[in-house]
Amino acid sequence: MNNKELVRRGGAAWVPAWVIAVVIAAALLHKGAADGAVKWAPAIAVGAGLLAAFLAVLVSAVTERRKAAAHRAAAALLAGVWMAYVAHAGFGATAGLLFALGGGVLIVLEFLLAPAEWAAVVQRQQPAETVDDGDYRPARVKQWEAVLRATFKQPVVVHRVGPWNNPDDGVQITVELAGDLTIDSVVNACPTIATKAKLKPNCVVRVVGPGEHQGIVVLDAMLRDCLAEYREAVEDVTPSSVYEAIPLSRTPRGDDVEVTLREKSMLLGGMPGAGKTTFLHRLIMRMARWVDALIWVIDLNGGGLAWPWVEAWARGDAEKPTVDWVAPDEMSAAVMVAVAQAIAKDRKINPEARKRRKAKNTTVLPVDKDLPLIVLVTDEGAEVAQAVGIIGLLVKEGITRTAQIARAEGIRVIMSILRGTADTVDRSLKTAVAVMCCMRMILREEYGHVLGADPKHKGAMPNGYMFVNRPEQDPAPILTKTDDVTLAAIDAHSIATAHLRPDLDERAQKVASRITVADVLDGRDPRDFPDIARHPIMQDVEAGRAYSGRWDRLAHKLAELRGDEVPEFESEPERVTVASRPTVADPGSHLEKFLLATGVRTDREPATPAAPPQSEQRPSSEDDVFAALTDPAHLEVDAQPLPPRTSAAPTPGTDLVPLSNPAGEQTASARELILGVLRQAGADWLTAAEIRRRIARDTQMDVTRQRADQVLTALVSSGEVQRAEDRPLFRLAQ
């Protein structure tokens, strides 16, 4: 029996013990009855037999020997009767014969109905893996157990080691936590596990998450740097929604890391050249399919991120631009942020928003093509955060506030920064974002500042490699890689998805038309910032064209994108010499107004010695500047005008000031010259740049871009000039 072991006893093995117990009990009862110490000895013996019969049946059922229950119960009952006979009559030949006969029958029945059971002895070994894909490799289980034992200095049980989709790329390991191990301790030990396993450079181990319960953790281990493969972005052109998850990047396993951006803002960090702009292009490519979201871009590097998505529309090949609004400088960014905040505040209380929330029984505003979400994409956010002056501060604080207050109202922020330091991204913004991404950084500690968790990565970070941290879904940051996006792909995609782009809802456009320079300055008095108040974009703001005039202000750049011949420096704004304060008095005070009226000034702006005729008078003080900016003759009237804006008394605009020819003689005004060119063009549509070129060609006089825009706006408002609905083109009213 060396190769077998006894599993269950039987075959009368218990009969000798039973016989001895019955004989002893019978002898004790007989002696007790003879001495008079035990009364009712026969009755006690029969009772003991009944109890023994019941126990015999119960034990037989428990030990799965139901076939032996009957004869065991009978044997116990007869043994009780035999003990009663012996207690009364004593031992004798009859008692011995009956006992021997009963014992023999019991032994035979036990051998027949309850034989002993033997089983083969099996060598104990590691439990075999059950792998659905058939990749059962016991050696790998032992290998990873040794690696984990060396890492944690204690035995670790590995239940399974399974391959990825491509077995050469990596394996997934299911580990049972023992002792004081937790998921967090395994997350922190991942770099050590990779080192002990002698993985190749750039190969990492990461925790995927818990298994069937919290006592089991699942690991992914890369066996080769499968992210090094180059992949060009390919995107569908079918309609999509902001409520659908979009893939950000791909993991080493080839899976996509997905997020839903309806209620999430995003922070992206990375040093120059790490691939941030390419990743933002990838995001815009996916968002271009959204039929219920608008894309607004802030890029203080001249709007470089947005122009590839606008070029097809500027050429006339797409019916709408993918990027709905571009802010290429600080002033434009401040206006865009102010408009976004005004829309968010209005959506908190306006009737349509309340109706939508009530219909869906939610506090989060449902968005669609009629009331679209706004995604504010900021490239190179460090330049915003570190900008000097009030405008940079307003843009930085405005972006943070928008991310904080506008989640439910359908305005989200995607901000890109160059450095992961406290001066480029503050804690307030970090607490408002739910998705953190980080590409290559200069210092290791910058990864943790951007991601909110240390990725514990020791390898290289080539271009396009990116850590993604989704605290709601992942126990630790995930190493991923973005796909490349070419200019040709951007152009083709912007044309293919142009018909999917929504329009800003009518109420939001009205809200945008009502913001003032004071709103842009966050409630500050514009007279304290005359250089800002005199900026051309602020004139548009005061005219109610902060949003509707966004493309008119970029007409020069759109002409370049179309391939028009544009003078190299035509886009430079008209230079204005502005002192920090015009007088020694406090801005806006009665003393300042008195000094200005008497011609006393301390800045470099010359005081006007004598007032020109009323028809040619130009503003000379801050109050007059704002009166000119709010002149109704300069305001473009919308199709559905808002209630009248509060403004100062109107003064003549610059369109009536005569221009000087090369000889220094004052001839016609800008208004007369522009109307003359439009009369010559007849029914042909002309851009503002083309009108200016024709004036320069025919009269050798220069009409600045700012002045031309002001005059054309006034002529459109008065009905003398007609403007195309979808393009900045002009002709005389027919």
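**View 1. Helices α23 and α25 sit roughly perpendicular to each other.** That label goes to angles of 65 to 115 degrees, with under 35 counted as roughly parallel, over 145 as roughly antiparallel and the rest as oblique. Here the axes of α23 (residues 670–681) and α25 (residues 705–718) cross at roughly 70° and come within 10 Å. Axes are lines fitted to C-alpha atoms over the stretch in contact, with angles running from 0 to 180 degrees between N-to-C directions. Helices are DSSP runs of H or I with at least four residues, strands are E runs of at least two, and both are numbered from the N terminus. This is a predicted model, in which local features need pLDDT of at least 70 and side-chain atom pairs count only at pLDDT 80 or more, while totals for chains, interfaces and linings use all residues. Residues are numbered from 1 along each chain as its sequence is written, and side-chain values use heavy atoms, leaving out hydrogens and water.

**View 2. Who touches whom between α23 and α25.** From α23, look for A670, R671, I674 and L675; they meet R707, A708, V711, L712 and L715 of α25. Contact means heavy atoms within 4.5 Å.

**View 3. A salt bridge joins R250 and D483.** The closest N and O atoms of this pair are 3.2 Å apart. A salt bridge needs a side-chain nitrogen of Lys or Arg within 4 Å of a carboxyl oxygen of Asp or Glu, and by this rule the count comes to 34. R250 is in strand β7 (residues 246–250) and D483 in the loop between β16 (478–481) and α15 (487–496), so the pair ties together parts 233 residues apart in sequence.

**View 4. I442 in its loop.** Find I442 between β14 (435–438) and α14 (444–451). Neighbours within four places in sequence aside, I442 is in contact with M271 and R419. G420 is 22 residues from I442 in sequence, and their C-alpha atoms are 8.9 Å apart.
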